[in-house]
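Thank you all for coming, and please have the sequence and the structure open while I talk.

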Amino acid sequence: MTLLETIVDAPNRAAEYLRGGRAGDRFARLREDGLAVHAALASLVLLLLFPVLVAIVVSTKESGIVTGLADLVPGGNAYDNYYRALVELEFYRYMLNSLVMASVIVVGKLAVSLLAVLAVVYYRVPYKDFVFLFILFTLLLPVPVRFVPLYRLVTGLGWNNTVFAITVPYLASATTVFVLRQHFLSIPPSLVENAKLDGVGPLEFLWRVLIPMSKGILVGVSVIIFVYAWNQYLWPLVIVGDDLQVAQVGLGRLRGQAQAGEVAWALTMTGSVLTLLPPLVLLVLFRKPLLETFSIQRK
Amino acid sequence: MATREVFESRWQAAALLLPTVLVSVVFLYVPAVRAFELSLFEVGFGTGEVDFVGLENYRTLLTSPEYHLSVLLTVLFAVAVVVGVMSFSLLVSFLVHEVEVGKGLYLVSAIWPYALPPAVAGFVFFFLLHPSLGVLTRAIEPPYPTLGLLERPFEALGVDVDVTGPLEAVGPDVDWFSSGPQAFALVTVVAIWKQVGYNVIFMTASMNNIPGSLTETARLDGVGRLGRLFRIYVPIMSPTLAFLAIMNTIYAFFGTFAFIDVMTDGGPAGATNILIFDLYRDALQNFEFGTASAKSVVLFVVVGVLMYVQFRVTEEYAYYGG
């Protein structure tokens with residue numbers, strides 16, 4: 001069974017396991033794997049989950065002060081905390097900004113990359129491979145490598161504090177172009193030959209044939225781009241002000257605003273859970289296309 | 001011969017490539033080249049006037065003890081992150097590979113940190129290990145709950161001894177606000193935590209490609225679990241492991257800014273002032289644009305070398321059919 005089937009099928013098989021037979025049988029199957037292995041695995045996974053579980057619990061409490069493990073019982077303040085963080089302290093604004101930034105980057109990157117890949121894969125023109133390498137080489141240029149000039153360029157364009165500043169510089173994507181190219185190269189050439197014989201133009205071929213055939217990959221790439229964009233921190237921090245600030249940076253401001261003593265921590269954890277939610281939900285919902293796409297990226 | 005390259009219009013191809021190329025040139029290549037250029041100048045604060053100073057900025061870096069410390073810290077940090085995240089993820093992936101029951105659930109619960117925003121990771125750990133408020137701080141620091149287990153034997157003997165007293169003296173004092181090594185360790189742990197998901201994804205995929213017959217043969221030959229992992233699986237997985245080592249190094253150098261910004265602000269006394277944070281401070285707090293650009297160029301050399309190594313390693317494995 002592949003990684004993919006294992007993960008995608010997890011809920012069904014968990015249900016099946018719980019339905020299947022008496023408790024004794026279930027225990028026997030656990031024993032077959034080795035109880036020690038299960039114990040070790042469970043504790044490692046718990047170690048990974050523990051910090052976020054604590055954050056979730058604290059986000060439901062009135063005060064953020066937890067003096068011992070006994071205090072880690074969910075409180076009844078969940079609604080108040082989430083309401084206060086989102087509405088009164090206006091954390092919803094940061095969430096919306098992040099959502100706009102990530103969505104624009106997803107759509108823009110996909111559109112721009114699809115066009116480029118169409119040229120790279122389906123056109124016979126000189127210097128094509130050179131252009132492909134030229135795009136791939138941008139992998140060598142993460143934000144820190146061009147930090148000061150990029151900052152000066154974007155402020156020079158008058159783009160600081162606009163949504164352009166936190167989206168346009170991200171639109172060119174070496175990885176997206178690479179993954180889509182690999183995928184298109186796996187589609188039989190006869191398809192495009194027939195399309196051409198039928199008089200179908202390149203854009204129509206892209207829209208009517210390639211995109212419908214690539215839904216899985218496109219969803220997977222979208223999730224990767226979304227998570228990447230949502231998790232950007234340094235660049236939004238320096239280039240946009242409070243109006244357009246993203247959720248991750250907003251967290252720090254939430255802590256500052258909520259600084260009225262003990263409440264601060266409950267609200268900061270509330271904000272943390274909120275900020276984690278969108279990428280996490282996408283990961284869980286679209287785990288199948290996501291993992292498929294990763295398996296292409298590695299090649 | 002069948003070919004995909006059925007369209008020939010150069011204008012169309014150029015138009016299709018234009019958006020990507022334009023953004024790449026304007027926002028990636030030109031700023032990168034400008035960074036190199038700026039690194040040769042001293043940029044006046046506020047005025048933006050530039051003075052050509054040649055390699056002076058690089059000389060400053062070569063002779064700056066703070067920068068040397070930052071380089072050293074970053075290398076240590078990268079090594080700790082790469083070793084830590086890869087050992088932990090290898091263990092998790094291997095154990096998941098070994099079980100049948102609950103495989104999928106274990107995997108989802110190991111992969112999710114891939115989606116974890118770094119600032120969230122930072123804030124959660126800030127809270128968990130806050131020197132005076134943290135939940136874990138209380139568990140780590142003495143006094144530990146003894147439940148009377150230590151005192152009772154003495155009481156039974158009628159001896160009056162304070163056994164918990166000495167215990168309070170041993171054990172760590174969580175204080176990463178002022179202890180450099182503790183702050184460094186904390187940031188490392190958080191950086192590892194966030195990167196586990198990504199590693200488990202690739203390691204599990206790679207382990208699943210190992211033929212079952214090989215595992216069977218090893219079992220019949222009486223090779224134990226750990227023997228199987230280190231003598232059979234790890235060598236077969238080495239291309240993936242090499243790829244991950246590079247990706248994790250790049251992550252440690254470039255993807256960890258938020259942890260520092262949220263938790264330690266580079267301190268205490270520069271103990272967590274890794275290169276990317278140092279660069280940010282130079283550029284936007286000290287407005288030393290020239291020196292900051294020289295630091296950018298240093299980072300560019302780092303990515304360049306790493307990518308080159310990755311390219312060579314991948315090529316080698318592909319060539320020998322690994």
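I will begin with the model as a whole, then take each chain, and then turn to the places where parts touch.

What we have here is a predicted model, in which local features need pLDDT of at least 70 and side-chain atom pairs count only at pLDDT 80 or more, while totals for chains, interfaces and linings use all residues. Residues are numbered from 1 along each chain as its sequence is written, and chains are lettered from A and ligands numbered from 1 in the order in which they are written.

The model scores ipTM 0.85 and pTM 0.87. For single residues we use pLDDT, which is the predictor's confidence in each residue, from 0 to 100. Chain A averages a pLDDT of 85, with 86% of the residues scoring at least 70, and chain B averages 85, with 89% of the residues at 70 or above.

Let me take chain A, which has 16 helices and zero strands; here helices (H or I, at least four residues) and strands (E, at least two) are DSSP runs, numbered from the N terminus. Among the elements of chain A, the lowest mean pLDDT, 63, belongs to α1(A), and the highest, 94, to helix α6 (residues 91–122). Of the 299 residues of chain A, 43% count as buried, where buried means that 20 or more other C-beta atoms lie within 10 Å of the residue's own, exposed means 12 or fewer, and partly exposed is in between, with C-beta atoms placed from the backbone. Two residues are in contact if their C-beta atoms, again placed from the backbone, lie within 7 Å. Among contacts in chain A between residues at least 6 apart in sequence, 77% join residues at least 24 apart.

A:Tyr127, in the loop between α6 and α7 (128–136) of chain A, has a positive phi of about 65° although it is not a glycine, and A:Tyr127 is exposed, with 12 other C-beta atoms within 10 Å. A:Asn161 sits in the loop between α8 (147–156) and α9 (174–185) of chain A; its phi is near 70°, also a positive value in a residue other than glycine, and A:Asn161 is partly exposed, with 17 other C-beta atoms within 10 Å. A:Thr60, by contrast, which is found in the loop between α4 and α5 of chain A, is buried, with 20 other C-beta atoms within 10 Å. Leaving aside residues up to four places away in sequence, A:Thr60 touches A:Pro74, A:Gly75, A:Asn77, A:Ala78 and A:Asn81.

Chain A is also divided into domain 1 (3–86) and domain 2 (88–297), and these bounds come from an automatic or database domain assignment. The contact between them takes 19 residues from domain 1 and 22 residues from domain 2. On the domain 1 side, α5(A) gives the most, with five residues.

Now for chain B, which has 14 helices and two strands, and in which 41% of the 322 residues count as buried. Is helix α10 (residues 212–220) of chain B largely in the open or buried? Of its nine residues the number buried is zero, so α10(B) lies largely in the open. Just after α10(B), B:Gly222 takes a positive phi of about 75°.

Finally, the two chains meet in a contact that takes 88 residues from chain A and 84 residues from chain B. On the side of chain A, α4(A) gives the most, with 12 residues.
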